[in-house]
Amino acid sequence: MSDCFVGVGLRTVHYPHISSKPKIRIKWFEAVSENYMDTKGRPFEVLTSLRRDFPVALHGVSMSIGSASGVSQSYLAKLKELINHIDPFIVSDHLCWAHFGNVSYNDLLPLPLTDETLSLVVNHIDFVQSYLGRHLLFENVSSYLTFKHSTYTEWDFLKEVVRRSGCKLLLDINNIYVNASNHRFDGCEFIDAIPNDYIGQVHMAGFTDMGTYYFDTHSKEVSDPVWNMYHRLIQRHPTVPVLLEWDEDIPSFEKLENEALKAATIWSSYHG
Amino acid sequence: MDNLSLKEIQEAFSHMIYQKDQEKKFIASIEPGGTLSREEAIGVYQRAYKARFTEALGETFESVWWVVGDPQFFELAEGYIYSHASHVYNLSSYGAEFPQFLEKNKLTQTYPFLSDLATFEWSFKELFHTEDTQGIDAEGLAQMAEDGSLIFRFKKAFHLFSSPYDVFTIWGQRKNKNKEHAHINWKEKTSLMIYKYQKEMHIKKLKEYEYALLTLLYLGTPLAGALQRVSQEFHSLSPQNISDFFAFLFHARVIESIDK
Ligand SMILES: [Fe+2]
């Protein structure tokens, strides 16, 4: 690999800019699956057109792989239809739960890290991967509480999910940092514990310091300590695709690209 | 203490997020993040839930928000959110029953048009996400002249809307921070067709006879019958009015096919 594979999240506010076919410096885009699963309107047209020029990853927020009430079959059917249309190079979602029964919370809710959760999640991943006919990536989420009866560290839990299900991880370094601060562990120990071949993609984003906790807002630049952790990972894993997420107070596309391309500069300092 | 199962945790969490109840056993089973108390840590999720769904409603019902202002919109949103759980995986599909919810709200005494405005915004959003197909053009017009038994099939990206209030003008002002709805004469009947033309959204104000004719045709009334009924109702209607309107319909390409 001769360069860092850096992308940004596709957001509606940038549609006019992207549709004008400007010179784009990043290499790929990540689209939030649910925003394209129920539309044949403009968002769908923009993504379809973008896909002709760029690799696209589909990143879901509502699969709810850890839901005790199961994964929705109709959701998976819609996702499959979108996958067939877009032909993404990565399909990912989060290691969390988002619905229970027929009620959706549209949030990335935390799971107790127990054997019970592990076997349920692995069963669901098996089912989804065979239904979609491909391997998926699952992302570690930020959380504001943990469960006392958890018997795994977050990194041991993630590793066990990968080992048993054959999925890979979408490692969100910002989420590791947020959780390390909120739940008082060493983020570097987390990163160091995950083997390269378990990591299929990296997320970078900004959080907000709320005074009493760190909140995963995706509303600003990536913070220095998170870049430091990125250094640590990219040094040993040069081929991993890296993506910058920005969801609130979204800047111009140029500023977004500049922030994302910091990842490429750091990459070059080790592998250029 | 017995550990809660995953199902019990998700049930308890659901109750707390949605109904704002406190579940003692659940609270005892968690370790809060940062320097938060247990209740505060749960509060982070409760607040995020309300904020997320309020934002979703605000995006779809932007002009309802513009009319009633922040405090009243947030109150409406809260009332709706805690009485209407989400059953959709896509946040932008949340709020289907918001227009009916508004209808029963006391605010309709001040803003009688509010529910209709919300219905219009929901229809607009739905149409925005509908695929555009190419309707038939002037050839269809020629064919039409020959046969009164024709039945029109309209394309999916076509919607008829009517209200006793001029919600279209209110909607048109929704991004105007310097104006208030009070300065708009909303007490005027409005009939509209919302449609896509070359993948773009369009809205056309309809005259009363145009709306009446389109409604009949949309419901599958054969052409001759529809024309006859409209001519009986609107005496001043000339053949020129009719042919101009059909010329527009074919130009706008909203008719997908014509059945005999
Ligand atoms: Fe992420």
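A nonpolar core here is a set of buried Ala, Val, Leu, Ile, Met, Phe, Trp, Tyr and Cys residues joined through side-chain atoms within 4.5 Å, where buried means under 20% relative accessible area with a 1.4 Å probe, protein chains only. This is a predicted model, in which local features need pLDDT of at least 70 and side-chain atom pairs count only at pLDDT 80 or more, while totals for chains, interfaces and linings use all residues. Residues are numbered from 1 along each chain as its sequence is written, chains are lettered from A in the order in which they are written, and side-chain values use heavy atoms, leaving out hydrogens and water.

Start with the largest core: of its 142 residues, Phe29(A), Met63(A), Met204(A), Tyr230(A), Phe26(B) and Phe98(B) touch the most other members. The top contributor is helix H10 (residues 253-271) of chain A, which gives eight residues; helices are DSSP runs of H or I, at least four residues, and strands are E runs of at least two, numbered from the N terminus. Domain 1 (1-129) and domain 2 (133-260) of chain B both supply residues, so this core lies between them; those bounds come from an automatic or database domain assignment. Apart from it sits another core, of 29 residues, including Phe154(B) and Phe245(B).

Now look at helix H6 (residues 154-165) of chain A. Among its buried residues are Trp155(A), Phe157(A) and Leu158(A), and their cover includes helix H5 (115-132) and strand S9 (168-172) of chain A. After H6(A) comes Gly166(A), with a positive phi near 80°.

Over in chain B, strands S4 (residues 190-197) and S5 (residues 200-205) pair in the antiparallel sense over six bridges; pairing takes at least two DSSP bridges. Ile194(B) has Ile203(B) in S5(B) as its bridge partner.

Notes
Buried < 20%, exposed > 50% of the residue type's maximum accessible area, 1.4 Å probe, protein only. Contact = heavy atoms within 4.5 Å.
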